[in-house]
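Please read it with the coordinates open.

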Amino acid sequence: MLPVIVSADLTAAFKLGTVDALKDDVQKGLDRLPDFQTVSGGFGYWTNPWLPDPYITAYALEVSALAGKEGYRLPKESLAKAVAWLKSYLSSNPQLAYPYNENEAYAARSYAVYVLALNGEPLPGYFQQLYAKRDQIPLLAKTFLLKAAPLVLSDQGPRQTLAAELLNQG
């Protein structure tokens, strides 16, 4: 769904074809999102999941936020429940569908901070906690923090620092 959502304008602008049928498929996929949601609100890998996954939940919320900006119809109640679950994930240690190692946990938490900000729920305190540990977190987590920084903070310093650190990794 994501490539269709983010590239439909380019496809039309460069006359690369039509994405109308694909847009219909995206809408059908968005309509099915609640089928992949647990009772607690997080999303899982398959329909009717038993346990949620924070990375999958964040991904579903990111795709939905981008789709909403493009005018797609969204299952708002389901997404609100997912936002609430993702926020609770950051402050608790719920049982998850997949056991994360430390790097995966940092990446999932950083992604959650970015996606929550994208969904109108900036968490500057949690951002700052992860930013303070940036020498311990994997590159993927840093990239999510870089994406989150302008949505969470008015201070450009952390964004500039993250960008410089990522550019200096090569």
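**Notes on the model**

1. The accessible surface of the protein chain amounts to about 9,400 Å², and 56% of it belongs to carbon and sulfur atoms. Accessible areas are from the Shrake-Rupley method with a 1.4 Å probe, and for residues only the protein chains shown count as cover.

2. On provenance: this is a predicted model, in which local features need pLDDT of at least 70 and side-chain atom pairs count only at pLDDT 80 or more, while totals for chains, interfaces and linings use all residues. Residues are numbered from 1 along each chain as its sequence is written, and side-chain values use heavy atoms, with hydrogens and water left out.

3. The secondary structure consists of eight helices and zero strands, in the order α-α-α-α-α-α-α-α from the N terminus. The radius of gyration of the protein chain is 17 Å, close to the 15 Å given by the globule rule for 170 residues, so the chain is as compact as a globular protein of that length. Helices (H or I, at least four residues) and strands (E, at least two) are DSSP runs, numbered from the N terminus. The radius is taken over C-alpha atoms, and the globule rule is 2.2 Å times the number of residues to the power 0.38.

4. The C-alpha trace spans about 45 × 40 × 30 Å along its principal axes. Of the 170 residues, 41% count as buried (buried is under 20% relative accessible area, exposed over 50%, partly exposed in between, with a 1.4 Å probe and protein chains only). Among contacts with a separation of 6 or more, 63% are between residues 24 or more positions apart; contact means heavy atoms within 4.5 Å.

5. Is Glu62 buried or exposed? Glu62 counts as buried, at 9% relative accessibility. Glu62 sits in helix 3 (residues 54-69) and, leaving out residues up to four places away in sequence, touches Tyr111, Tyr114, Val115, Leu118 and Lys147.

6. Leu166 belongs to helix 8 (residues 157-167). Beyond its neighbours within four places in sequence, Leu166 is in contact with Leu139, Lys142, Thr143 and Leu146.

7. The salt bridge count is six, by the rule of a side-chain nitrogen of Lys or Arg within 4 Å of a carboxyl oxygen of Asp or Glu. One of them joins Arg73 and Asp31 at 2.8 Å, N to O. Arg73 is in the loop between helix 3 and helix 4 and Asp31 in helix 2 (residues 20-31), so this pair ties together parts 42 residues apart in sequence. Arg73 is exposed at 52% relative accessible area, whereas Asp31 is partly exposed at 38%.

8. Glu121 and Lys87 also form a salt bridge (2.9 Å, N to O). This pair links distant parts of the chain, Glu121 in the loop between helix 5 and helix 6 (124-132) and Lys87 in helix 4, 34 residues apart. Glu121 is partly exposed at 28% relative accessibility, and Lys87 is partly exposed at 33%. Elsewhere, salt bridges that share partners join Arg134, Lys142 and Glu165 into one network.

9. Tyr98 lies in the loop between helix 4 (76-91) and helix 5 (102-118) and is partly exposed, at 35% relative accessible area. Together with Tyr45 and Trp46, Tyr98 forms a nonpolar surface patch of about 370 Å² accessible area. Patches are made of residues with over 30% relative accessible area and no salt bridge, with like charges joined within 9 Å and nonpolar side chains (Val, Leu, Ile, Met, Phe, Trp, Tyr) within 5 Å.
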